[in-house]
Structures are given as structure tokens and as C-alpha cells.
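Thanks for coming. Please have the sequence and the structure open while I talk.

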Amino acid sequence: MDKIKQNPFVRKVGFNRVILFCVLILMYVAFCLMVPGFFGKARIMSVMNYVYFLGFLSLGVTFVIATGGIDFSIGPVMFCCGLISGYTMVFKGAPVIVSLIMSILIGFLFGVFNGYLVSYWTIPPFIVSMASMNIAKGIAAVYTKTQSISWPLSTDPVNGWFRNLVSYNGFPVGLVIFLIAAFICMVVLNNTKPGRYILCLGSNREAVRLSGVDTKKWEMLAYVICGTLVGIAAIFFVGAYTTVQPGYGDQYNNEAIAGCVMGGTSMAGGLASIGGTVIGVLIISLLQEGILALGFAKDIQLIVTGIIVIVVVYADVMARRRKN
Amino acid sequence: MTKKKSLLSDQRFIVLLVIIALVVIYMIFSPEFRKYSSILSMLDFSYYDILMAIGVTFPLITAGVDLSIGTGLVCYALVAGRLVRDYNCPVALAMLICVLFGVVVGAVNGTLIGVMGLPPFLATLCTCMITRGISSMVMATPWPTNKQPGGWFHSIFKLTFGTGRNALKIPIGFLVCVILVLVMEFVLNHTKFGRYTIGIGSNKEALTLSGVNVKFYHVMAYVICGLFAGLAAIAYAAVVPTVQPGTGAGLELDAIGGVFVGGVSATGGYGSVIGTLAGVFVIVLLKTGLPYVGLQANWQQIITGIVLIGAVMIDVAKRRRMAKEQ
Amino acid sequence: MADAILTMEEIDKSFPGVHALDHVHFDVRCGEVHALMGENGAGKSTLMKVLTGIYTKDSGTITFEGKEVEFANTREAQDAGIVIVHQELNMIGDLTVAQNIFIGREFMKGFKIDDKKMIEESKKLFDELHIDINPRDKMSDLTVGKQQMCEIAKAISHQAKVIIFDEPSAALTEKEIEDLFTIIRDLREKGLAIVYISHRMDEIKVITDRVTVMRDGGYVGTLITKDCTKEDIINMMVGRVIYETPKTESKVAKDAPVVLKVEHLNAGRMVQDVSFELRKGEILGFSGLMGAGRTETARALFGADPKTSGDIYVNGEKVTINSPQDAVKHGIGYLSEDRKRYGIVVQKTITENSTMATLEKYMNGIFINKGEEKKITEKYIQELATKTPSADQLVVNLSGGNQQKVVIAKWLVRNCDILIFDEPTRGIDVGAKNEIYKLMNRLAEEGKSIIMISSEMTEILRMSDRIVIMCEGKKTGELDISEATQEKIMDRATRDIA
């Protein structure tokens, strides 16, 4: 065991990430053995559809959790983005490109709202999340008059092209975009000033502040990054699943947070791994596909992710206690 | 050293003024609101909020939170309702099951937070999802109506004399809630449980060093919260014709918002159940009253969210001023 | 001679990397006040924590009233009759005085807590101790001194047989200390055994019967107070470590330019109208008792806490400092007394900590230039002789002294000209202490100006060129090192100006 840990490749990637990756592979093999016909491109594409939007949510919330905060308004905000921009397109005739930009912009604005309240007003993040979750739901419902919105299908001659962002002639464009986004996030977190400060302030805010760093600014930035990524997630959600319904979206909060904490990002802040988040998201997505394939109701997923998060976070808490 | 506190510095008093102002505004703008039946229906829909809020006051005073009460109460009401419908379970037993279910979930939350040391919002977010998952697997269930056998439980909240349009309805549930509020206010201020709840929120370390079994009382705060979520489930079943599976997310916001409006500090350590009652009423008035002044019901979520943030902002501003004075 | 009520023998305790207690012996008898002395980090508090069950001992025996005991927690120790009055106050601010005193053992009337009886009992307690506090007051409304009195009252109300006072006088005024001594003598008369932990030599002579001295986690010896002199105790405390003699004269030229001038600084209760000047190359000592407002002054000056008024001039120019950012911009660096909370990010590497304040200098476009960053860090690791395998080491794995060096490196990388050292050697072992002293002297010689806040008199007298003394938030004196003596400083530090 120790030998594996000392392997230079393993050390670089992180032992936990390697384990997590093995879990992913094992899960896939297990599902293939349990469910006839699970093996194959169709299932993988279906898993990927889930990965795209959940991946962006998870990447976003990774930044927030790295500061030691939390954002569980991401699911409803994603729906809000999809609803408002979709409504503008379907009922007000806006071109799809405007809608896409609008979606990202709405996510960005929610990020600004959350970040401002958390960092400049020092309101506990969970309270802000709770409020903005409901505000997002409310605004979407008011704007769309409580209608579901269906985005144009790929056959739509004018607006259908946006689905090429998800897949083009069966080629998973979405996966490429997601991996590029993940790579950018990784660079931002590890090799730039915002990333450095976000991680450090998550670990010890006062020490960073007393070093003459504007911690409020950087903390807020984490929420803004998160919001923007949530806006992008909305595009992939409608690209894969077409219809958004007002009043929902909170079921994805937990899955996004689960993907993030499974990957080794600590709820206490200061430690984050984008690579881990990517693998975590893959596991969660595979899990939900597997649960459906095994013939269980989709709602089992809620219970399973709930338990996963509890177990993973408890492991993190215990690891911290042992260190002290 | 003790400063004489003016009435105006008591947040509860200000909240009371807000309630009066809201009622007056509604009455002026809406003849509909002035009717007894409107008041009655508003009260009907306030009970589960009040009950949830009484319960969640305790975790909030410990500087924690319970996000699972909303989906929780729907889950309890569904499971118990199914038992009544399909398994001939007596309503009294079903009510007991609601409460017990609440207590069990509360104990789980408490253990995760108080013993295992998970962040409160995260642990309860998980139980929120879990209870929601459970409730999604139960069929939609109506509890017995007033006239059906077992419908007696409605009279806990509303006494009905006579039938049809002329029936005299008395909102006795309000009295029940007020009594519970007073009992819990007493519990908060004059029992060990209440005192240690405040202590956990104020300075947990010191409480531990005083030799108090902090873990036990920390768990108890969530158990009490769960118990009241169970009671709220009964009140919910009494007013909602058919409890829908998988719903309930967002109900907790009304309760938690009410608690903060009522003056519980966002960092814990201070709070009052009477304040909670007043705070919830602000939320309930905003929620049920908006249609009377011509706003879509959908606005209520937005407004509750803003009120919640506003209440906490006031608390933050107050604490900043105090810190500056020192 | 009475038998000991409490005996601790061969107590041994190790933490990862530190041998905190090395076969320590300690005992206390009924009706005596027994002082436990030693420098910071000598192991006094650790020993008491082992006794009261906060830490578990590795080996050794504790005998209490003739029986061997081992308490699992403070509660058990309390129930047995051993109570500790903590150095840090352990009060629940949102509850009243009476509620705090009886927390964990409330009088009950059925389900109801009998608050009335608790208030009466508290009043009785306060009367007995001649303390004037209203038990109905909210704890957070009291002054630190009064909170301390409540803590003592709480300890006494436990029917204690052994009371441990952990630096009780640190935050008290002279009047309050006298009251405290009256109380302690009273308790001694009643036959209680009292352990008194303090740094203050004069108090030890006044109030205690025996003195046990500890050094670096080890037991040095026990003396009868009235048979020994101050020097005896000091010799035992410092042991073979040779302290440099105090500075006799300032090393700063009389005409050295003033680099920092603070005028009429006000920030709440703890900083009232403080003015002083700092010259180039000078080490300005800030002396005073705990709670005198020195740290608060530094924090307000640095912009870490809001200030109400006051002017700050850097190199003769008036500057606005509203946040640490402003202070850093003007070349001021602050080394906090509480390193782990305010100085370093322990879960990050030495490199990340060292460039924390200067990151913009190590950028390559939008990317961090990790090579440059590492180079500068390694340069300072060498220069400060920080003991670490590499610059990528997490700071949490370093010893206290080396952690302090990382904080110093952070400000040296930034090239700060004015450095505020707040208790620079707290919790640092003797060897590392000397290194820090040497480093400070070198920095001063290189033309950096240093403000040094310290509670250790020897440190103040050894390092400072000039000394500012504070008491209760006010500046009560300023002495050149040539005229400064321990007595003069103490006199000003305890002056009750109110």
C-alpha cells in the first residue's frame, strides 16, 4: 500500500483521487454485470448528459466550498436561468444566442448577490443560500407565469443549433467543453492569484486579511465564479433535457455538493481538488443512471446522495480531528 | 451597568408594529381581507408554519439550522396518511406516528451534528433530501376530511359547529399554538434544556468545561425541532386536501425566516419563542395576504427571501454597532 | 506539617514533537497557597490540564485525599473538589451572572430552574467575597475584571477543596488584585488548598507559602517562599540559560528620523488617546499587563480593527489606514500574538505563506510564477535559518519558533520598514527565542523600525531602545532604556489613572 502511495504519479495526482477513479471503474463494471445491456454507447451518452450540467454546478460550488462557505441555491438558480432565458426566447422571440448569454448573465447576477451578502455583510452562507434559492424560484415563476419552458429541438432551423454545444453528430462536444472548463478552473485555482487567495482564506481568513489582502473581494469572487458556472450549467441542462419547470431544481444541489466533497474538497474550506470534483461528478452521474437502469425510482437517488454526502463529510471531519 | 431597555429596542415590539401595519394596509386595500373567512383561512395556513418555527427556534439558537423540517413534515404526513387510508390505522395512532417519525429524524440530525460534528446545514440538507426521497415513494394521500371517520383531528385546529354555510368555525388552533409558544418560551428560559441550548449557541466551549453533557443537549435541540415538525405535519394534513409526494421543499424557509424576523441572532445564543411567533406572523401575512392586494402568489417566495435577508442584515448591523461601541 | 491533599508524581506527557511534561512532581497541602512558576511554555498550564482531566497523562500518578485518581473530564474533577479558574475566561456571554455561576448544576424546582435561589446564592457568595456585582447582569456587559471575579466566585461555590488560579491577576487592576488576595487569604484560613500560577514575582512573595518552579516541561524544585529571595526563584526559572544583560543605552542615534508617528489614537475602551513616535532602526517596547490595550493599539494602528479617531504619519506624511491593506501599502507589517489564528495559514506551504502579502510581485501575466516564488522563499529559509526539509512543507508541521520565522519572512519578502512584533516569543522554546532576538536586533541594525509588544519584563529590558507603558487603554509612561527599571515599568503599568 505504502509503495503505491510513494509512486510519483500517484503522489502527483493524489492517492484519494486514484482510489476514487478505481471506484468509478468498479461501479461501471458492476452496473454492466448487473444490468444486461448497460455496456455500450447509449448508456454512456445518457450518463454524459447528466455529467455536463452537474459538472458545471459542481465546479462552481467547489470554489465556494473552498472558501469555507456553501451555496445550495445553485440548482434552483440554474432552473431560474433556464426558465427566464428560455421564456424570453420562446415567448418574446429573442434569438437563441441572446438567451444563452442571458442565462449566463442571470447566473452571474445571482453570484454577485450571494457573494456580496456573504462577504460584505457577513451573513452566514446557508441563510443567503436559503433566501436566494427561494428568490430564484419566485422570480422564475413570476416571470414565466408558472409555465414550463421547452427549449427548441435540434430540428428547429433557427434556434436548434445550440444543441450542437452538447453533441454534434453524436460527437460529445459537451464533454470537450466541460473538460476544458474543468482545466481552466484547475489553473485558476492553483496557478492564479484569485485561486491562491480563495484557498488560503478558506483555511484562515484572518491571517490572509492581516497580510493586507482584500479577503472580501476574493471571497465574493468565488461566489461570482460559481454563479457564472451555474448559468452555463443551465445551457447544458436544457440542451440535454429540453424542458424546465418552475419551482424545482433543488434536487441537484445535493448531487453537485456530493460530487464536490467526494472529490476531496473539504467542507471546512481551504482544500479543493478540481480533478476530484470531475471524478466525483462522473460517479454521481453514473450512479443515477445505474439506479434507473436497475429499475428503482429516480427518488432513490436523493436518498443515496444524501447518505454519500453524510459519510464523506464525516470522514473529512474525522480526518481533521485526528490531525488536531 | 444595566441599561434600561426601551420598548422600541425590543425587536419583538417592532415586529408587532409591522404586523399591525400589514393588517391595516390589507384591510384598507382589500374588502375581501376584512371577512372573517379570510382571517380564518389565513390562520388555518399559519399553524404548520408556527409549529415548525417553534421547533426550529432551538437549533437556530444553538447557531445551527434544520433544513429538513419542510420536506420532513410532508414525509411524515404522507406516511401516516397512507397508514390511515390503506391500513385502517386509527387517526390518533397516525398522529403519534407523525410525531415519532419527526423525533427520529430529529435525533438523526442531532447525532450527525452534535455527536459526529457535521456542519448543521449540510447534515440537514442531506436529511432533507432523504425525507424527500422517502416521501416521493409514497402515494399522494388525503387524510380523512371533517365528515369522514377519523376527521375529529380537525377540531384540534378548528372547531366547527353546524353545517354548510352557516357553520360556526372557531380557530382553536391558534389558541393551541399560543399555549405551545408559552410552554416553549418557559422551556427556553427556565429549564436546563433551554439554558444549555442558549449556552451552546453562545459559548459551547465554556459549557463543555462547566461539565455539562453538551452533546446530549445539542442532540435534544434537534429532537425538539423534529417533534414540532411532526406536530406541524398534523396541522399540514389538516389544511392541505391532499398531501403531494416529493413536495415540501421551501416550507422551512417560512419558518426559519420567521424565527430570524422574530429576533434570533444569526450567530446563535439569543432568541425567544414569543418573538418567533410574531416573526412567523409577518411571514404568514406576507404569504397569504399578497393576493389580496393584487400581487401574484408567486411573489411570496421572493418576498420571504428578501425579508429573511433583511432580518439578518438588521441583526448584523446591530452587532456591528455593538462591536464598535466596545 | 500537614499531609498533602493532592500529590502528583512522575507526571509525563508528550504531544507530537514536544515533550510537554517530563516526570513532574507537584503537591499541595490544605491551608496553603502554593505557587507554580515558570516561564511561558514551561508546562504549568499543561500540568493543571492533566490534573483536571482536559489532557490524559502518559504516565505518573495523581493522589487526591489518599486515593489515586484519574479524572476523565473537568466535571469529574469538579465533583471531587478540584476547580480551576481559567486564564481565558469561560463565560457564556448571553446568560446572566447567576446563571453562569451555577451552570451545569442549577437548583431545580421540579422541571423549573430555580433562578430566584440562584440569584440569592450568588448574592451570598458575592457578599462573602466582598464583591459588588449584580447577579442579574448579563455576563457580556461586565468588565473583564468583574468577569474574572465571577469566575472565582463560581470556583468557590463548587465546595472546592483545591482551587487552581491560572494567572488570575493578569487582567485585574491593583485594587482588584488586593481584593483577590483578601479572598485568597480567607480561603486559606478555611483550610483550602490553593495553587497559584503567576509570573509576577512580587505577588508570589506576598501571597504564597511555597513555590514550585518548572522549566521546559521539567520539575526544577520547590522552595519555602519566606526562606527564599526573588533571585533564587529567578535562577531556578531561567536555569542555565544565560540571559543577556539588559540593554543599558539606546542604540539609536538621537537624530534618527521619525518613521512612524501616531497621534491621539482612539479605538473603543481599550485604546484611549495613545500617541507615540518610532524612529528609524529603533526597537520600541510596549509594556503593560494583560488587557492594557497594547495589542488593541497595534491592531487599530494596523487597520485590523476600526478606530474612532487619530492621525498616523509615516515618514512625516499623514496617511489614512482603514484596513490592513492600507497599512501594508505603507510598509507596515504585523506579527500577531496569536500566530495560528492571525499569522499563518497552517494548512498551506511555507512558500504560499511567505508570499501571501506580496503575491503581485511573483506573477507571470495572470499566472503565479511558482519558480520565482520558491526561490525567494528558499532565500529567506536560509537567511532566517528556518528548520524545514523544503519550502513545500506545510506550516502546520513546523515548530512554534519556525512558524514565527515564516511570518517574519512574509513581511521581509514584502520589504516592510515598520514591523510590529506582538509577543514575538510566546510559546517558543528558549533556543528559538534567542534566535528571534538576534534576528530582531539584526533587522534594527539594518534600519528597520520595530514595535515590540511583550509581557515579559526581561524581554522588554533586553530588547527595547525605548519603552512605552500602557495601562487600561491609556499610555501611562515612556522611558528611555537608560533610565528604565523593572520597578519603574511596573509602577506605570499598574497605575490606576481612573
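**Helix pairs and chain contacts**

Helix 5 of chain B and helix 9 of chain B are roughly antiparallel to each other, a label used for angles over 145 degrees, while under 35 counts as roughly parallel, 65 to 115 as roughly perpendicular and the rest as oblique. Helices here (H or I, at least four residues) and strands (E, at least two) are DSSP runs, numbered from the N terminus.

Before the details, two notes on the model. This is a predicted model, in which local features need pLDDT of at least 70 and side-chain atom pairs count only at pLDDT 80 or more, while totals for chains, interfaces and linings use all residues. Residues are numbered from 1 along each chain as its sequence is written, and chains are lettered from A and ligands numbered from 1 in the order in which they are written.

Back to chain B. Helix 5 covers residues 91–115 of chain B and helix 9 of chain B covers residues 214–239; they pack at an angle of about 150°, with their axes 6 Å apart. The axes are lines fitted to C-alpha atoms, for helices over the stretch in contact, and angles run from 0 to 180 degrees between N-to-C directions. Helix 5 of chain B passes helix 9 of chain B in a right-handed crossing; right-handed is when the near helix is turned clockwise from the far one by less than a right angle, left-handed when anticlockwise. By class, the contact of these two helices has 20 nonpolar, nine polar and one charged residues. Nonpolar covers Ala, Val, Leu, Ile, Met, Phe, Trp, Tyr, Cys and Pro, charged covers Asp, Glu, Lys and Arg, and the others, Gly among them, are polar.

Chain A has a pair to set beside it. How do the axes of helix 12 and helix 13 of chain A cross? Helix 12 (residues 251–262) and helix 13 (residues 274–293) of chain A come within 7 Å and cross at roughly 130°. That makes helix 12 of chain A oblique to helix 13 of chain A. Their crossing is right-handed. Residues making the contact include Glu255(A) and Met262(A) of helix 12 of chain A, and Thr277(A) and Ile284(A) of helix 13 of chain A. Contact means that the C-beta atoms of two residues, placed from the backbone, lie within 7 Å.

Now the chains against each other. Between chains B and A, 38 residues of chain B are in contact with 35 residues of chain A. On the chain B side, the largest share, twelve residues, comes from helix 6 of chain B. That side divides into 26 nonpolar, eleven polar and one charged.

For chain C, 24 residues are in contact with 17 residues of chain A. Helix 10 of chain C gives the most to this side, with four residues. By class, the side has 16 nonpolar, four polar and four charged residues.

Finally, two residues. Val90(A) lies in helix 5 (residues 74–92) of chain A and counts as partly exposed, with 17 C-beta neighbours inside 10 Å. The C-alpha atoms of Val90(A) and Pro152(A) are separated by 8.1 Å, although the two are 62 residues apart along the chain.

Notes. Buried ≥ 20, exposed ≤ 12 C-beta atoms within 10 Å, placed from the backbone.
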